[in-house]
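Morning, everyone. Let me put the model on the screen, and then I'll go through it piece by piece.

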Amino acid sequence: MKPAPFDYVAPASLEEAVGAMATGGGDAKVLAGGQSLIPMLALRLARPTLLVDINRLPGLDGIREASGLLEIGALVRQRALERWAATRSPLFAEVLRHVAHPPIRNRGTVVGNVVHADPASELPAVLLCLEGVVVARGPRGERMIPADRFYRAPLTTALGPDELATAVRFTLPPPEAGWGFAEVSRRHGDFALVGAVAVVTRGPDGAVSRVRLAFFGAGGTPMRALAAEQALAGQPATPALLGEAARAAAAALSPDADIHATVAYRRQVAGTLAERTLTAALARCGGAR
Amino acid sequence: MGAKYFGASVKRKEDPRYLRGEGRFVDDLKLPGMLHAAFVRSPYAHARITGIRTEAAKRLPGVAHVFTFADLERWMKPLPLFGAIPPGLSARIPVMMRQIGQLALCRDEARHVGEIVAMVLASSRALAEDGCELVEVDYEPLPVLADVIAAAQPDAPALYPEWGDNIALSFKAGFGDVEAALRQADARVRERFVIPRYVGMPIETRGVVAQWDARDGALTTWNGTQVVHFVQQGLVAALGLPPHKIRVIAPDVGGGFGTKANGYAEDLLIPAAAIASRRPVKWTEDRREHMMGSAHARAQVHDIEIAARRDGTMLAVRDRIWVDLGAYNSWGIVLPYNTVAHLLGPHRVPNLDVECLGVVTTKTPNAPYRGAGRPETVFAMDRIVDCLARELSMDPAELRRKNYLTEADMPYELHIPYRDGNPLVYDSGDFQAGLEAALTAVDYPALRAEQARLRVQGIHRGIGLSGYVEGTAIGPYEGATVRLDPSGHAVVATGACCQGQGHETSFAQIAADALGIPLDWVTVVGGDTAAIPFGVGTFASRSAVNAGSSIHEASGRVKEKIVAAAAALLEAAPSDIEVADGAVAVRGAPGSVTPLATVIRAAIPTFAKPGVTALDFEATVYHHQPTVTYTSAVHVAVVDVDAGTGAVALRRYLVAHDCGKVINPVIVEGQIHGGVAQGVGGGLLEEMVYDEQAQLMTGTFMDYLVPTAMELPDIETVHLEYPSPRNPLGVKGIGEGGAISPPAAIANAVEDALAPFGVRVTRTPLGPSVVLGLLGRA
Amino acid sequence: MTRTIRVTVNGQEHERAVEVRATLADFLREDLDLTGTHVGCEHGVCGACTVLLDGEPVRACLVLAVQADGQRITTIEGVAPADGLHPIQEAFWAKHGLQCGYCTPGIIMSASAFLRERPAPSREEIREMLAGHLCRCTGYHFIVEAIEAAAQALAPPTPRPTSPRE
C-alpha cells in the first residue's frame, strides 16, 4: 500500500506554510503528526498533490495554561499533553489514554486529531464539551472558530482549504467541577463505538449548577446535549433526573450504523454512558456539601 | 534411548536471530535487478471481463511489464486442487463433489472481490501500484452470491452454469436410527448456529520472490508457504520443468496457521513473471490484498438437534450443515468432512445423522485455518449441549460428565470413517478425566458460588465449557534425511516447514537424543525442496508426529552406523558401544572415550587401507502415518458481561488438554496460548464481513479486529498425558487445539451470564452491539 | 520527487536521497538494508514496524522518511551489544516470548522505552503497553512474562539491608 505521488514542502515560517496551502489550490494537505493522514495516503483514499509539512514551524509546540484557558499549539504531540495532564488534568489524562496507543500518541498531534474530525474521536468531543476554540491561520489572517461551529460532517470542518490550525484552546473546568468520561470500544485504543464526556459543577446547595455533556461516535460530528444540559441546570442531582436527562439526550441523537454497531445500539448506549459520566462527574465535584 | 532433551523446555535455538532482527523473511530478500510486482484485482464480486487495455500502464516510466492472461497463457494451468476423496472414504460414504481449478489470472470472469486480473512489474512497488491504476478493465457485473443459504437454493444463479446449481459437494453420514431415538427422547432441542467467516491473519503477509537461472535452466523461488513441495508440484505442472529444476524455499515465515498452506495464484505468477521478464521478481502482499486475496475460513451454518433422556443421557444428534466455500472448491472433502468427523467429539452418542452441503459463493475461497472445521463443529455441538442442559435444568458440567467417554472406552470406534478413509477410532485419552481436571483446576463450585454472589450485586458473570477430540497429524507421510558432517555435527533435512512452531529446536531435541550428540550440534533444515525430494508440509498439527517420527527413525539408523564404525575402530562389540555427548566409548572402559569426529575420520579411506566401515553416516526415512492420533481438551471461559453496554470481558481462560508425550513443554504451552488467542478472536472480535453485493467491508485492521493483550487474560493450562500408540514417540499434534474451543466456551459463558434474561446465543463474534441486541436493547 | 536526508541510525550517520512518499520503514529496509524492522500493515495498527525516533517509539510506517531528516533513530539492530543480547532480548528468549519472530522487534523497541519510563510495571500496565502490538502466535502470555522478567533484570540491584553492627 504505497501512496500516490505527491509533492512535498517543509516551510520554515507560518507565512510560507499558508502560502503553500494557497498554491495547493485545495489539493494541499497539512502534514503534522501524520497518524491519520499517512494511512489514508497509503490506502490511496487521500491523494493530495502537495503535502505541507509544518513540523519545522517555530513556536507551535507550547502548552500554555492561563486564566482558565489551556492553549495547545499545533505541534504538541498527544503524548506531550498526556504527560502534562498526568499531574494537572485527570480528565485529559483519562481521555488521552483512550487515543490509540503510545507510539501513535508520540507522533500524533492534539490539534491534528481535533481537526481530522473523525466522528468517533475523543478529542473533538472534549473540545465541544469544554467550549473550545480552534485558532486558524489563512491568507486573510487569523480567526477563532468556536467548537460548536467547527464540526460540519465526518472528516469535514469549518477550516478552509487554504487554512491551517495553529492551536486549539480549551476552557478548563473550574477546580471544583467534576468530570466524567466513558466510551465503548471493541478493543482498548480503538475508535469508540460511542462515548460521552461530561463536566458538572454543583452549587452550594448541592444542586447542579452547570452541565456540559458531549457525545462522540453517535453521529457525523460530536454533539452537545444542549437540551439535557438546560434541563439539568439548577436541578437537584438525583439519579432519576440524571437518568431521564441522559435518555432524553440520547433520544435526540442520529447515529449511524456500521459493521460494528447498529443505530439502536449507539443511541441506547449513548444514554447509558451519559448517565454514567454525569454520575461520575457529580461524584467528583469538589464544591458540594 | 537416553532421553536427555526430549521432554525438556530447552531455549529455542532459532531465537537469537529473531531477537536481533536478523531473520530472513521473504520481503528481506534483495536480488540484483529485481522487479517488483503489483496486481490489478477485481473490484467486483462477480463480473465478466470484456476488455483490458494496458498501454497507458506500460508507458509509465519505471514500469517494465504488464501481463494479462493472454501474455502468460502458456503457463496458465489451473491451480492445484486439494481434498480428493480417499478410496476408503468414498467406499463407505457416497459423496457428490465438483471442483474447478482457479486460474492464476482471470481469463474472462472474476468470481470474487480481489481476484487477479493483471500483473504490473516495475522498478519499485510504488511505481507498480501507480501502473496498476493505469490499467483499464471493462467489467460487466454478473449476479452475486453473498449468502450461503440463498446460494444453496435451486433457483439461485449458478456461479458455474455447467453445474446448474451452486452445490459443490454434498454427502450424508451417520449411524444408528436417529428418527427412532428422537421419538423416544424425553427432551429434544434444536437450534441454528452461524459460525462467521474469520481467518488466520498472520502478522507477516504472503510473499514470493522468484529467479530464473538461464544457464542452469532452473527456477528458484522463495515463498512464505507452509507447503514447499505442494508449491513445487504446482510449478512442475504449470512450467513443464522436472522437479529438480524447481527449488522452492520457505525462509523464515511470520506465522502460517493454514492461511499459507494453499495453492495460490501468486505462487505461479511470480515465477512466470521471472521467466517472462528474465529478471528476478518480488511480490510482497500488502494487508489490504491479504484481506481479500488470502484464504478465508470457517463460515458455516449448522441446523442441529439433540435428543436425550430426562437424566441427561444423550441419544441422538442430527445436524444439517452448510459450508460457505467461496468462489472455488479448492479443498474438496477436507473442511466438510472434518466438520462431520469431529461433531460428536468426546460425547457418547449412539445415533448420528448428518447432511453436509458445500456451497460456492462469490467470495474469497475458504481453506483450512487452525482447526479446519473443528471449531465450527464444536461450536454447534457445545452450544446445543448447553441448550439441552438448560432444557433439562442440569448444570452444563454435569451434563457433560454424564456423557463424556473415558479411558475404559478406548479404543472407541465411531461408525463413520475418518477423512483419510480409515476407520475413525479414538486411540487414547480420557475425556472425563480432562473434564474433571479442568473443573478442579478452575474450582468450578467456587466459580458458581461467586457467580451467584455477583449476580445479587447486578454483575453478570458467566462460565462456559467446551470440549473437543481432535484427529491430529494426518499422514500419509513426512520424511527426514539425517547426515553427519566430518566433525560429527548433524544436519536434519525434513519436508516440514516452520512458521514459528520451533522446529529447529524440538526436532533437534529428537535427533540429539537419538544420535547421542549435544543439542547445539544439530541443525534442522526445513522448507527447502532441494534438501529433501519428497514432502508434504506443516499443517493439520502433523509435524511433530510425521516429521518427528521420521527424524527419530533416521537418527536411529545413523546412530547404528556410528556404532558400527566405533566398534570397528575400538575393536569392541557393537552392543558394548555407547554414544553420548558427541563421543563414543566402550562400556566399562572410561579410557576408551573417543570423539565422534575421530570415529568418522577412521571411516575415510587412505592410501594404505579402506576405512574401518563404509564412509556413510547418513540415513533417509519416510515415516508412514496411515491415520491420525487423537488429542482432547476441555476449555473453561469466565466472562463478565456489562448489560448496559453489551461489552464482554474475558476474565479467565483455562485449558486442560492431552497431547500425548511432550517434546518441549514450553513450546507446547505457547502453541496452546496462540491457538486460544485466535479462538478468542473468533468468539469476540473477528469477522470478515461481506455486504449484499458480496463487497468485502473489512479491508484493514481498523475493521478486522485481532485481539490484543488487553482482550486476553493469562491463559492457564493443565497437562494430561495419554501417549499415542500410533507412532514411536508417543506424541500427538498440538498446533491447532487451542483454537478449537474458545468460541464455544465464550458463547456458552455469555449465555450463562445472561441466563436471567433468557438469552440464546446463536452466533459469534459477540461484540457489544450483538450482545445488547440479544438483550433486546439494540 | 526526491529529497536528501541526513539521519543517524543506531549511532551511524547516513545521507541519502529518498522519494518523498517513502516511509521511514521503507527507507530503513530498502536503503539501509536494516530489515529487522518489519512491515505488517502499513496503516499503523499492528506495531511490527515500531522503532525509536529520538528515543520515543513510533510507527515507522507512519513517518515519512523525509520527516526523519536530522533525527536519531534506533532500530532492533541497535539494541544488542556487540557481543550477546540486551537483557530485554535475553528475557524474551528465556520466557519463550516469541514464536515466528515477526512482531518481536517492534515489541522490543516499545518495551525498551516503556521500561525506561516504568521500571517496575504491573502486569496490567504491561498489557496496556502491549495493546499497541498485534501478535498472532503467542497469545501474549509469555510476552507479558518476558517483559516482567526484563524489568527485574534491568532494575538496579537493591542494596543489602545493613545489620545493627555496621
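First, a term: a salt bridge here is a side-chain nitrogen of Lys or Arg within 4 Å of a carboxyl oxygen of Asp or Glu. By that rule, chain A and chain B share five salt bridges. One of them links A:Arg44 to B:Asp130, with N to O at 2.8 Å.

Now the ground rules. This is a predicted model, where local features need pLDDT of at least 70, side-chain atom pairs count only at pLDDT 80 or more, and totals for chains, interfaces and linings use all residues. Residues are numbered from 1 along each chain as its sequence is written, chains are lettered from A and ligands numbered from 1 in the order in which they are written, and side-chain values use heavy atoms, with hydrogens and water left out.

Back to the interface of chain A and chain B. Contact means heavy atoms within 4.5 Å. On that count, 26 residues of chain A meet 32 residues of chain B. How much area do chain A and chain B bury between them? About 2,300 Å², with 60% of it on carbon and sulfur atoms. Buried area is the accessible area (1.4 Å probe) that two parts lose on being put together, summed over both. On the side of chain A, the residues that lose the most area to chain B are A:Met1, A:Arg186 and A:Arg187. Together they account for 29% of what that side buries.

Polar contacts next. The rule asks for a pair of N or O atoms within 3.5 Å; within protein, one must be able to donate a hydrogen and the other to accept it, and residues adjacent in sequence count only if both atoms are side-chain atoms. Across the interface of chain A and chain B, 14 residue pairs pass, both residues at pLDDT 80 or more. Which element of chain A gives the most to the side that touches chain B? Helix 10, residues 263-284, with seven residues. Helices (H or I, at least four residues) and strands (E, at least two) are DSSP runs, numbered from the N terminus.

Strand 4 (residues 63-66) and strand 5 (residues 69-73) of chain A pair antiparallel over four bridges. Pairing needs at least two DSSP bridges between the strands. A:Arg64 has A:Glu71 as its bridge partner. Two residues sit between these strands, and A:Ser67 takes a positive phi near 50° in this hairpin. Strand 5 of chain A also pairs with strand 10 (residues 164-171) of chain A, antiparallel, through five bridges. There, A:Leu70 partners A:Phe170.

On to chain B. An open sheet of three strands has the order 5-2-7, paired antiparallel. Strand 5 (109-110) and strand 7 (136-141) of chain B are at the edges with a single partner strand each, so one side of each has no neighbour in the sheet. Strand 2 (residues 47-53) of chain B joins strand 7 of chain B by six bridges. B:Arg48 is opposite B:Glu140 there.

Look at strand 27 of chain B, residues 629-641. Are its residues buried or exposed? Buried: 13 of 13. Buried means under 20% relative accessible area, exposed over 50%, partly exposed in between (1.4 Å probe, protein chains only). Strand 19 (residues 460-472) of chain B runs antiparallel to strand 27 of chain B, with 13 bridges. Strand 28 (residues 648-658) of chain B also pairs antiparallel with strand 27 of chain B, over 10 bridges. B:Val638 is the bridge partner of B:Ile463, and B:Val638 also stands opposite B:Arg652 in strand 28 of chain B. Strands 27 and 28 of chain B form a hairpin with six residues between them, and B:Gly646 in the turn has a positive phi of about 80°.

One residue in detail. B:Asp386 lies in helix 11 (residues 374-391) of chain B. Why does B:Asp386 count as buried? Because its relative accessibility is 3%. Its side chain makes a polar contact of 3.4 Å with that of B:Asn748. Leaving out residues up to four places away in sequence, B:Asp386 touches B:Pro396, B:Arg400 and B:Asn748.

Last, chain C. It has five helices and five strands. From the N terminus, the order is β-β-α-β-β-β-α-α-α-α. The C-alpha trace of chain C spans about 70 × 40 × 25 Å along its principal axes. Of its 166 residues, 64% count as buried.
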